[in-house]
Amino acid sequence: MKKLFLLALLAFMAGTAIAAENYTVIFKAKGSYEEVRDFIRMGIESEGLVINNIGHIADMLERTGKDLGATKKVYEYGEQFEFCSATLSRTMMEADPHAIVLCPFIIS
């Protein structure tokens, strides 16, 4: 898992250095939502990084949708892990100062 996480971050960094206008990288994973979520969490923490916040996006959309009269369910599960790495952030922003929009890192 550690190698997979590092590979994903390196691919992400390489992608941002090459294509500054597109900061979204999509990976597909096999397994239940809970398994994949826990592997991502463990991957982040195994690198010595701290998850600053877990955004419960699906819950927020469900809760606020009622006030807006929206009934469409956007996500069954939808969470974001927010974390930061001073080393990766510096490398990214030295390559492209516009990458500041990526700090902190978020995996959804």
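**Reading a predicted fold**

Me: How does Asp38 count at 32% relative accessibility?

Reply: Buried means under 20% relative accessible area, exposed over 50%, and partly exposed in between (1.4 Å probe, protein chains only). At 32%, Asp38 therefore counts as partly exposed. Its salt-bridge partner Arg37 is partly exposed too, with a relative accessible area of 21%. Of the 108 residues of the protein, 24% count as buried.

Me: What should I know about the model before going on?

Reply: This is a predicted model, in which local features need pLDDT of at least 70 and side-chain atom pairs count only at pLDDT 80 or more, while totals for chains, interfaces and linings use all residues. Residues are numbered from 1 along each chain as its sequence is written, and side-chain values use heavy atoms, with hydrogens and water left out.

Me: How many helices and strands does the protein have?

Reply: Both are DSSP runs, numbered from the N terminus: helices are H or I with at least four residues, strands are E with at least two. Here there are four helices and three strands. Read from the N terminus, the order is α-α-β-α-β-α-β.

Me: In which sense do strand 1 and strand 2 pair?

Reply: Two strands pair if DSSP finds at least two bridges between them. Strand 1 (residues 51-56) and strand 2 are antiparallel, with five bridges. In this pairing Gly55 stands opposite Gln80 of strand 2. Strand 2 also runs antiparallel to strand 3, and three bridges join them. Phe81 has Ile107 in strand 3 as its bridge partner.

Me: Where do the side chains along strand 2 point?

Reply: They alternate along residues 79-83.

Me: Which residues make up the largest nonpolar core?

Reply: A nonpolar core is a set of buried Ala, Val, Leu, Ile, Met, Phe, Trp, Tyr and Cys residues joined through side-chain atoms within 4.5 Å. The largest one here has ten residues: Ile44, Leu49, Ile51, Phe81, Phe83, Leu88, Met92, Ala99, Leu102 and Phe105. Strand 2 and helix 4 each supply at least two residues of this core.

Me: How many salt bridges does the structure hold?

Reply: Side chains of opposite charge can pair when their charged atoms come close. The cut-off for a salt bridge is a side-chain nitrogen of Lys or Arg within 4 Å of a carboxyl oxygen of Asp or Glu. The structure holds three. In one of them, Arg37 meets Asp38, with the closest N and O atoms 3.4 Å apart. Arg37 also forms a salt bridge with Glu79, at 3.6 Å from N to O. This pair links distant parts of the chain, since Arg37 is in helix 2 (residues 33-46) and Glu79 is in strand 2, 42 residues apart. Glu79 is buried, at 16% relative accessible area.

Me: How far apart are Arg90 and Glu94 in helix 4?

Reply: They are four residues apart, so about one helical turn separates them. Their side chains meet in a salt bridge of 3.1 Å, N to O. Both Arg90 and Glu94 are exposed.

Me: How many disulfides does the structure hold?

Reply: A disulfide is a pair of cysteine sulfur atoms within 2.5 Å. The structure holds zero. The sulfur of Cys84 is 3.8 Å from the closest cysteine sulfur, that of Cys103, which is too far for a bond. Cys84 is partly exposed at 30% relative accessible area, and Cys103 is partly exposed at 35%.

Me: What is the peptide bond from Cys103 to Pro104?

Reply: For a peptide bond, look at omega. The bond from Cys103 to Pro104 is cis, with omega near 5°. Pro104 is found in the loop between helix 4 (86-95) and strand 3 (105-107).

Me: Which residues form a nonpolar patch on the surface?

Reply: Patches are made of residues with over 30% relative accessible area and no salt bridge; like charges are joined within 9 Å, and nonpolar side chains (Val, Leu, Ile, Met, Phe, Trp, Tyr) within 5 Å. Accessible areas come from the Shrake-Rupley method with a 1.4 Å probe, and for residues only the protein chains shown count as cover. Met60, Leu61, Val74 and Tyr75 form the patch, with about 330 Å² of accessible area together. Met60 lies in helix 3 (residues 57-68).
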